Amino acid sequence: SLKNINLKYGSQIIFDEANICIQHSKITSVIGPSGSGKTSLLNMIDLISSNKDYVYLFDDNEIDVTNDDIKSKLRSENMIYMTQDVTLIDHMNVHENILLLSKQKNFSKIAVQDALNKVNLNVDLDTLVNTLSRGQKQRLIIASALISRSSILILDEPTSALDQKNKEDLL
C-alpha cells in the first residue's frame, strides 16, 4: 500500500494525498492519459522514485522510503520492474537474457521454454536477441518477468509493441 502520496510537477498537482492498495495475487492496472502520473506511481511502487512524500507499506510493515539500503533489499528480494524501454543484450541469446532480466542464475531449459510458450514466443533458446522483432523482444521481457521469483511484477506498458492477438492473449 502507498498512502498519502503527494506529487506535483511545477504547479501541476498529480497526486494529492492519494492512496493505492495492491492486493496479494491480484492484477492491478494503472490506466490514464499521458502525463497523469502512471510511470511516476510505478516508480514509487518499485521504490526508485526520488519522491519521499508518501507512506509505503509492504506486508503491513512500513518501509522507510528514505533508506536506500532497505529499499534496495526489498526490491532485490521481492520485485521485478520491466519498463517499456528495457534494453536487452543483443549479443546474448534468448536464454541468457531471460536469466539476466529475471535476476536468476539458472533455470532449466524446460522452465524457460514454458515461460516463452506462455507469451506465444516460439523461438529457440540459442537465438540471438538482435534477430528478434520488437514484439518478440517485448514478449521475451514479459516471459522474464513471469519466470522470476519476484512476488511483485511491475510491467510498464507491457503490450505497446504487440499485435492485437498477442495483446489479447497476454491480457
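The largest cavity in this structure has a volume of about 40 Å³. The model you see here is predicted. A search of the whole structure finds one cavity of 30 Å³ or more.

What lines this space? The lining of the largest cavity is made by K118, V119, N120, R139, I142, L162, N166, D169 and L170. The most comes from α6, with three residues. Here is the lining of the largest cavity, sorted by class:

| Class | Residues in the lining |
|---|---|
| nonpolar | four |
| polar | two |
| charged | three |

Now let's turn to the nonpolar cores. The largest one has 23 residues, and V94, I98, V112, L116 and L140 touch the most other members. At least two residues of this core are supplied by each of β5 (79-82), α3 (94-101), α4 (109-118) and α5. Among the contributors, α5 gives the most to this core, with six residues.

For a closer look, pick I98. Leaving aside neighbours within four places in sequence, I98 is in contact with V112, L116, L140, A143, S144 and I147.

Finally, visit the start of the chain. Strand β1 (residues 2-9) pairs with strand β2 (residues 12-20) in the antiparallel sense, over six bridges. Which residue in β2 is the bridge partner of L7? That partner is F15. Together β1 and β2 form a hairpin with two residues between them, and G10 in the turn has a positive phi of about 60 degrees.

Key: Residues are numbered from 1 along each chain as its sequence is written. This is a predicted model: local features need pLDDT of at least 70, side-chain atom pairs count only at pLDDT 80 or more; totals for chains, interfaces and linings use all residues. Side-chain values use heavy atoms; hydrogens and water are left out. On a 1 Å grid over the protein atoms alone, a cavity is a set of points where a 1.4 Å probe fits but cannot get out, and a pocket is an open set with protein on both sides within 12 Å along at least five of seven lines; lining residues have an atom within 4 Å of a point. Grid points are joined across faces, edges and corners, and a volume is the space filled by probe spheres set on the points. Helices (H or I, at least four residues) and strands (E, at least two) are DSSP runs, numbered from the N terminus. Ala, Val, Leu, Ile, Met, Phe, Trp, Tyr, Cys and Pro count as nonpolar, Asp, Glu, Lys and Arg as charged, and the others, Gly among them, as polar. Two strands pair if DSSP finds at least two bridges between them. A nonpolar core is a set of buried Ala, Val, Leu, Ile, Met, Phe, Trp, Tyr and Cys residues joined through side-chain atoms within 4.5 Å. Buried means under 20% relative accessible area, exposed over 50%, partly exposed in between (1.4 Å probe, protein chains only). Contact means heavy atoms within 4.5 Å.
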